Amino acid sequence: VAWIKRLLNVDKAGHAGTLDPRVSGVLPVTLGHMTKIIGYITHSNKTYVCVMQLHKDVDQNELKRVINDFIGTIYQKPPIRSHVKRTLRTRKIFNITINEIVDRKVLLTIESEAGTYMRKLCWDIGLILGIGAHMRELRRIKTGPFNEDYYLVTMQDLTEAVYRFKTEEKDDLLRKVIIPGEYSVCELPKVLVRDTAVESVINGSPLAIPGISYYNEGINRGDLVSLL
C-alpha cells in the first residue's frame, strides 16, 4: 500500500484483509476518499484455494466426512503467527470442495466468513482425523465482489499504466487497473436517491421516502445498504 501511495502520489490508501507471508491472491486496495469503505470490503466473505498436507495416510471416505463436518459455524482460535489477539471465536464456513487428492496432499476450495484462518482449519482437520495436517500452500481467489478472474492486477501492471499515462498521456491502461469504487458495493442491496434529495442527505438530513427513486426488495432494519 505504501508503494502504491508513492507511485500514484495519493494521500490516502488502504487494503482489505492482510495476507500472511507466502500467501498469494486478491488484495483489494482503495484510493483517496474510497478508503472510507475499506471496512466493508475487509469484512466481506472470502474464497481460498488451499493445499493441505496430511501427515499420514487416511481413508478418503473418512477424510471427506471430517471435512464436511467443518461446514457451518466453527470455533477457532487464531494461530500463533497471526497478528490478532488469540481469543476463541466463531466463524462460518459456507462450503469446502475437495478438488483433488494426490498421495497425502489435498487440494481444497474453501468459501468462508472474513477472519477465518485456513492454517488453523487444516490443523484442526488433521487433529480430528487423528493423523495431523498442516497448510502447505494458500491462494485467496475472491474477496467480496473482487475475484482473480476479472480484477487481479500486479504491481508491474500498475507501474506500466502509470508510465504510459505520464509519458504518452494515455489513460487506457490506468482505467483497467484502477476501477470505480462503486464496484466494491455491487453485492449490497441498493437505495437510489433522487437528484433533488442528494444535497440534503450529504449535509446530514435523514432520507425520507419522497427522496427515493428505487430500492431493492427485502431490506430490513439494521441492514447495510449502498446509497447511490
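Reply: Gladly, and please keep in mind that this is a predicted model. We can begin with strand β11, which covers residues 212-215 and contains Tyr214.

Me: In what order do the strands of the open sheet that includes β11 lie?

Reply: The general idea is that strands of a sheet pair through backbone hydrogen bonds, either parallel or antiparallel. In this case the open sheet has 3 strands in the order β11-β10-β12, and its pairing is mixed. Since β11 and β12 (226-227) each have a single partner strand, they stand at the edges, so one side of each is left without a neighbour in the sheet.

Me: How many bridges join β10 to β11, and which way do the two strands run?

Reply: Strand β10, made of residues 190-193, is joined to β11 by 3 bridges, and the two run antiparallel.

Me: Is Tyr214 buried, partly exposed or exposed?

Reply: The general idea is to compare the relative accessible area with two cut-offs, because buried means under 20% and exposed means over 50%, with partly exposed in between. Tyr214 has a relative accessible area of 42%, and therefore counts as partly exposed. Together with Leu192 and Leu228, Tyr214 forms a nonpolar patch on the surface, with about 260 Å² of accessible area in total.

Me: Where does UniProt place the feature "domain: PUA"?

Reply: The unreviewed UniProt entry places that feature at residues 189-227. Over this span the chain is 21% helix and 26% strand, while the end C-alpha atoms are 9 Å apart.

How values were computed:
Residues numbered from 1 in each chain as written. Predicted model: local features only at pLDDT ≥ 70, side-chain atom pairs only at ≥ 80, totals over all residues. Heavy atoms only, no water. UniProt positions renumbered as here; feature names shortened; annotations may be inferred. Helix = DSSP H or I, 4+ residues; strand = E, 2+ residues; numbered from the N terminus. Patch = residues over 30% accessible without salt bridge, like charges linked within 9 Å, V, L, I, M, F, W, Y side chains within 5 Å. Areas by Shrake-Rupley, 256 points an atom, 1.4 Å probe, with all protein chains shown as cover. Salt bridge = Lys/Arg side-chain N within 4 Å of Asp/Glu carboxyl O. Buried < 20%, exposed > 50% of the residue type's maximum accessible area, 1.4 Å probe, protein only. Pairing = 2+ DSSP bridges.
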